[in-house]
Amino acid sequence: MDGMLIFWILIVLGVIWTVIWLKVLWSKGDVVPYTDIAPKVSRLRKQLTYSLMVVGIVAIALAWQSMPYAGFRTGVLGEPQQTIPVTGHQWYWTFGEENNPVAPEIAVGVPVAFDVTSADVNHGFVIYSPEGRIVTQTQSMPGYTNRLIYSFSESGTYTIRCLELCGVPHDVMTTQLVVK
Amino acid sequence: MNAETNTFNGNNGGMLKVSLVYMVVGFVVFLLMGLLGLLMRLNHAGIFILPADWFYRIMTLHGSGMVAASLLFSMGGFAAVLSKSVKLSPRILWTAFFIYFLGAGFVIIATLIGGFGAGWTVLHPLPYQSGGAWGLWAAIAMYLGYLFVAVGFLLYCLNMLYAVVVKYGGLGKALAWEYLFSGGRKGGDNLPSPVELVAAVVAIDGAITVVAGAILLIPMFANAAGLVEVVDALFAKNLLFLFGHTLVNLNIYLAAGLVYAILPVYTNRKWETKWPVALALNLVIILVLLPYFHHLYQDFSQNFFLHVVGVIGSYGVAIPAFVVTIIGSMALIYRSEMRWAVPSVLIALGLWGWTFGGMGALLDSTIPVNQVMHNTQWVVGHFHTYWLMGAVAFSLGYMYHLINELSDSEESGTSRMAAWLYGLGSAGFLLMFFLSGANSVPRRYATYLPDWHTYPTVAVVFVLILTVGLLILTLEMLGRLKGAWQGTSG
């Protein structure tokens, strides 16, 4: 999902809404009794309620295949070929088991499972593309392991940022991930 | 001022005094917190660099202070409106005010003196594990602050609920249940007004919210005292967002109640309780408690069913708000004799902003979208839109209306222009949040990469426009405040 695509969807919806809003505001000179409007509003409310419910159901159906959770991602990408334990600490990341940290080697197009946890407070495990866009994320939580499955489509150096406030040096809690 | 007005009924002068104090204090704190927000944007733009520890302290104070200020602002306006038709207790509202402000004092001490900078979300266990940035006492002070603010809000809610229930002779009648469940065939002769319905709904959900906050605080205090070794992070997060997310949503419903009250004055049309209104507000009692789950979409360990509840709740709560309140407001304006005045301009802007912010929120409450937007500036964009161009615009419009009404003053063309400037400045400022979020700029970052500086720099220009509008309106209201205070005595 591309952030700018979502932005443009918002802008298009916003423009449509603004046109409707302005039309309503500018109608005020052409006065009619409210009794003329009330039945139309009642019909509009019903139509809108049903329409919005349909839109909501369609949105859920469309979103279903793009769910980020392990079962869904496995269904789309296949079983992960590589598992990388990840632990968030105040204020650095480690890959591999606690007593055996590793520098992960990741190949393009291979489904990877990141098993993400935290040694202390909540962190956000967020992977940025070489172009600086978020490609995927999960939370790094004390007492829990969140499995994030992802397949990198491009090689390059990805940046891991913490996006959950975890203390004063939170914004420097970054590391890099090389995908070849 | 002797005659009965839109708000003054000859007997509610004492209540109007309390309401004015709530509104004025809420508005002043809003302005102060806005200045802190400006400091943060200047820091992001690289114009005025704050040390990281101070950035997070200011951010925490700005976030929690803005929630408290905006809520107080709406509470004051809503109490004024409600006091015309039901008997509220000024004594209880004064007590609630002082408890609320005691809480605000604790938050100020925790952040500015204690160095607390865990954000308004106080995600456990960060408050107790700051890495040396603040001490345990500062975290406790922050929690005490929340406790007192919540108790103040609870008192306010109970007062409203009691008053409405007494007037209609039962909770079911205060919520128009006979009318609702008979499909509008029975019980239509003594219906609560939309404002009274909002009062009952907000009071019920407010009480539930405060209970959620209290359930969270018990293990927090027990943990601090060493009675409990570990508090589950996911449990704490769920309760925190049930408390915090719902509280800020209730703020919007209170502010929307002000629209029900004053839009009819400017459009010369009535807003009555019809069946869709009764249905929508009764649905809100449940629906407003569900969307908070969308804060936990990226907590993959949360049960998947609860993620789905978050989606359905987020989409679901938007329908009654849009179909009943926003469409109802637009219907009142459409081909009416609407008078352009500062309050009607601010309400019109608020209706636009509430909807636009809602669109941003609905997109983000779709799980795959949230995958790339969670904890980016997009989130900041949507809730700032709700507040600045929704709840605060409605409250400001109402306060301006009330002060003018009580002081028997007229507004000028300049003040109407100031209201539009408020809208223009807000829209530009908010759009920069959405744009930066779409470009993956994180929220809650003290230091920005050079590539990210453009968005806050443009935002600061719009903040200046917004400030000019606010300044004009503030000075005008300030000059009339004494007259308004005297006007509460009849």
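Predicted model: local features only at pLDDT ≥ 70, side-chain atom pairs only at ≥ 80, totals over all residues.

Reader: Which helix is Gln371(B) in, and is it buried or exposed?
Author: Gln371(B) is in helix α12 of chain B, residues 367-373. With 3% relative accessibility, Gln371(B) counts as buried.

Reader: How far is Gln371(B) from Tyr297(B), in sequence and in space?
Author: They are 74 residues apart in sequence, and their C-alpha atoms are 8.1 Å apart in space.

Reader: Switching to helix packing. At what angle do α8(B) and α10(B) cross?
Author: Roughly 15°, and their axes come within 9 Å. Here α8(B) spans residues 233-267 and α10(B) spans residues 304-333.

Reader: So roughly parallel or oblique?
Author: Angles under 35 degrees count as roughly parallel, so α8(B) and α10(B) are roughly parallel to each other. Their crossing is left-handed.

Reader: Which residues make that contact?
Author: From α8(B) you get Tyr253(B), Ala256(B), Val259(B), Tyr260(B), Leu263(B), Pro264(B) and Thr267(B). From α10(B) it's Val317(B), Ala321(B), Val324(B), Thr325(B), Ser329(B), Leu332(B) and Ile333(B). By class, the contact of α8(B) with α10(B) has 11 nonpolar, 3 polar and no charged residues.

Reader: What about α4(B) against α8(B), what's the angle there?
Author: About 45°, with the axes 13 Å apart; α4(B) is residues 136-168. That makes α4(B) and α8(B) oblique to each other, and the crossing is left-handed.

Reader: Which residues are in that contact?
Author: Tyr146(B), Ala150(B), Phe153(B), Tyr156(B) and Met160(B) come from α4(B), and Phe243(B), Leu247(B), Leu250(B) and Leu254(B) from α8(B). The contact of α4(B) with α8(B) has 9 nonpolar residues, no polar and no charged ones.

Reader: Now the strands. What's the order in the open sheet of 4 strands in chain A?
Author: The order is β6-β5-β8-β9, with antiparallel pairing. The edge strands are β6 (134-140) and β9 (174-179) of chain A, each pairing on one side only. Direction ignored, neighbouring strands of this sheet are turned by 20° against each other on average.

Reader: How many bridges join β5(A) to β6(A), and how many join β5(A) to β8(A)?
Author: β5(A) and β6(A) run antiparallel and are joined by 6 bridges. β5(A), residues 123-128, and β8(A), residues 156-162, also run antiparallel, joined by 4 bridges.

Reader: Where does Phe125(A) come in?
Author: Phe125(A) stands opposite Cys162(A) in β8(A). In β6(A), the bridge partner of Phe125(A) is Thr138(A).

Reader: And which way do the residues of β5(A) point?
Author: His123(A), Phe125(A) and Ile127(A) point one way, and Gly124(A), Val126(A) and Tyr128(A) the other way. 6 of the 6 residues of β5(A) are buried.

Reader: Which residue takes a positive phi in the hairpin of β5(A) and β6(A)?
Author: Gly132(A) does, near 90°; that hairpin has 5 residues between the strands.

Reader: Last one: what does β7(A) pair with?
Author: β7(A) pairs with β4(A), residues 111-118, in the antiparallel sense over 6 bridges. Pro111(A) stands opposite Ser151(A) in β7(A). β7(A), residues 146-151, is mostly covered, with 5 of its 6 residues buried.

Conventions: Residues numbered from 1 in each chain as written. Chains lettered and ligands numbered in written order. Heavy atoms only, no water. Axes fitted to C-alpha atoms, helices over the stretch in contact; angles between N-to-C directions. Helix = DSSP H or I, 4+ residues; strand = E, 2+ residues; numbered from the N terminus. Parallel < 35°, antiparallel > 145°, perpendicular 65-115°, else oblique. Left-handed = near helix turned anticlockwise from the far one by under 90°. Contact = heavy atoms within 4.5 Å. Nonpolar A, V, L, I, M, F, W, Y, C, P; charged D, E, K, R; others polar. Buried < 20%, exposed > 50% of the residue type's maximum accessible area, 1.4 Å probe, protein only. Pairing = 2+ DSSP bridges.
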